[in-house]
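Thanks for coming. I have one structure to go through today, so let me put it on the screen.

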Amino acid sequence: MLAETVCSAASAAGLGIAAVTAYRKRFLSATRIAAYSLVPVALVMTGVVGWVSGIVFKPSVWAGFGLLGIAWLLFSATRFVERRSEGGTRKERRAAEAAGGEAIAPKASAPSLGAGRRSDRSAPKAKGKSGGAEDFSDIEAILKKHGI
């Protein structure tokens, strides 16, 4: 009952301010103020204010929010402990990953990787140090063309 009275008073005050603003020939502002002042009454009429006030003043609702917070804290704590117990520091985890990667059939993957590496090493390089300079000269030419 109190929330409805407050919303009605706020709407009446807003409509009064809108009337004064319209009297000063600022019709666009007056219309905007009138629109904002009608919102509290609309919320009361749709039942939103009663629903919110019913939620806010119920202890069982606050207990539910408290339980949600506790559940979130427990979940976060278990994730934190799980991460800490998996490998300790980053260096230890990286060392474990590197050791684990080598232990998985190293001889089976060596021929396919070795052949690819040899072909890359034996292939002649298309561009030397001057190739990199040619790339920059092309870029410089494009920039000069655009006046940059």
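Predicted model: local features only at pLDDT ≥ 70, side-chain atom pairs only at ≥ 80, totals over all residues.

I start with V52, which sits in helix α3.

V52 is one of the residues of a nonpolar surface patch of about 1000 Å². Three elements, α2, α3 and α4 (59–87), each give two or more residues to the patch. The largest share comes from α3, with four residues.

Now to helix α1, residues 2–23. Its 22 residues reach 32 Å from the first C-alpha to the last, close to the 32 Å expected at 1.5 Å a residue. Which residues of α1 are buried? They are C7, S11, G14, A18 and T21. These residues are on the same side of α1, because they cover an arc of only 80° around the axis. The cover over them includes α2 (27–46) and α3 (48–56). On the other side of α1, L2, V6 and Y23 are exposed.

Just after α1, K25 takes a positive phi of about 65°.

Last, a residue in helix α2, T31. Is T31 buried or exposed? T31 is exposed, with a relative accessible area of 54%, because the cut-off for exposed is over 50%. T31 and L15 are 16 residues apart in sequence, and their C-alpha atoms are 9.5 Å apart in space.

That is what I had; I will take questions.

Terms used: Residues numbered from 1 in each chain as written. Heavy atoms only, no water. Expected span 1.5 Å × (residues − 1). Buried < 20%, exposed > 50% of the residue type's maximum accessible area, 1.4 Å probe, protein only. Arc of directions from axis to C-beta. Contact = heavy atoms within 4.5 Å. Patch = residues over 30% accessible without salt bridge, like charges linked within 9 Å, V, L, I, M, F, W, Y side chains within 5 Å. Areas by Shrake-Rupley, 256 points an atom, 1.4 Å probe, with all protein chains shown as cover. Salt bridge = Lys/Arg side-chain N within 4 Å of Asp/Glu carboxyl O.
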